[in-house]
Amino acid sequence: PNRADLRDALVERAAAYLKRERPYDPTLTRAGIPPDAVMTTASNVDPHISPQDAAIQARRVARVRGLPLRRVQALIDDTTAGRALGFLGSPAVNVLQLNLALDRETRS
């Protein structure tokens, strides 16, 4: 909260996220954006996103890819790993695996 540059960056990222996703979900608000959708990792490269972020993006992905929303949601479920040892960390969607699965669906 003491770093104005970080606060401003997060506000900008949230605005960009809303601009991209709100056309597909008009009810989405800034408060509904998952934290991982606007934060970055130390390397700025993370092959995983939260299931909440994937669920928000599912409508856009379904429309752009020409797939039923239910199929995109099923692929998200298929590429979501649970907590390590059942209690460590958080569930996460493997974006690489998801994109490969989406590519296979749209090539068929």
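Modeller: Of the 108 residues in the protein, 27% are buried (under 20% relative accessible area, with exposed being over 50% and partly exposed in between; 1.4 Å probe, protein chains only). It's a predicted model, where local features need pLDDT of at least 70 and side-chain atom pairs count only at pLDDT 80 or more, while totals for chains, interfaces and linings use all residues. Residues are numbered from 1 along each chain as its sequence is written, and side-chain values use heavy atoms, leaving out hydrogens and water.

Colleague: Okay, how many helices and strands does the protein have?

Modeller: Four helices and three strands, where helices (H or I, at least four residues) and strands (E, at least two) are DSSP runs numbered from the N terminus. Along the sequence the pattern reads α-β-α-α-β-β-α.

Colleague: And what box do the C-alpha atoms fill?

Modeller: Roughly 50 × 40 × 25 Å, taken along the principal axes.

Colleague: Let's move to H4. Which of the residues in H4 are buried?

Modeller: Leu98, Ala101 and Leu102. They cover an arc of only 100° around the axis, so they sit on the same side of H4; the arc is that of the directions from the helix axis to the C-beta atoms. Leu96 and Arg107, on the other side of H4, are exposed.

Colleague: What do the buried residues of H4 pack against?

Modeller: Helix H2 (51-65), H3 and strand S3 (92-94).

Colleague: Which residue caps the N-terminal end of H4?

Modeller: Asparagine 94 does, with a side-chain oxygen 3.1 Å from the backbone nitrogen of leucine 96.

Colleague: Back to H3 and H4, then. At what angle do they pack?

Modeller: About 145°, and their axes are 9 Å apart. Axes here are lines fitted to C-alpha atoms, for helices over the stretch in contact, and angles run from 0 to 180 degrees between N-to-C directions.

Colleague: Which residues meet there?

Modeller: On the H3 side, Arg71, Val72, Leu75 and Ile76; on the H4 side, Leu98, Ala101, Leu102 and Glu105. Contact means heavy atoms within 4.5 Å.

Colleague: Is arginine 71 buried, partly exposed or exposed?

Modeller: Partly exposed, because its relative accessible area is 31%. Arginine 71 is in helix H3, residues 69-78.

Colleague: Last one: across the protein, what share of contacts between residues at least 6 apart in sequence join residues at least 24 apart?

Modeller: That comes to 50%.

Technical notes. A polar contact is a pair of N or O atoms within 3.5 Å; within protein, one must be able to donate a hydrogen and the other to accept it, and residues adjacent in sequence count only if both atoms are side-chain atoms.
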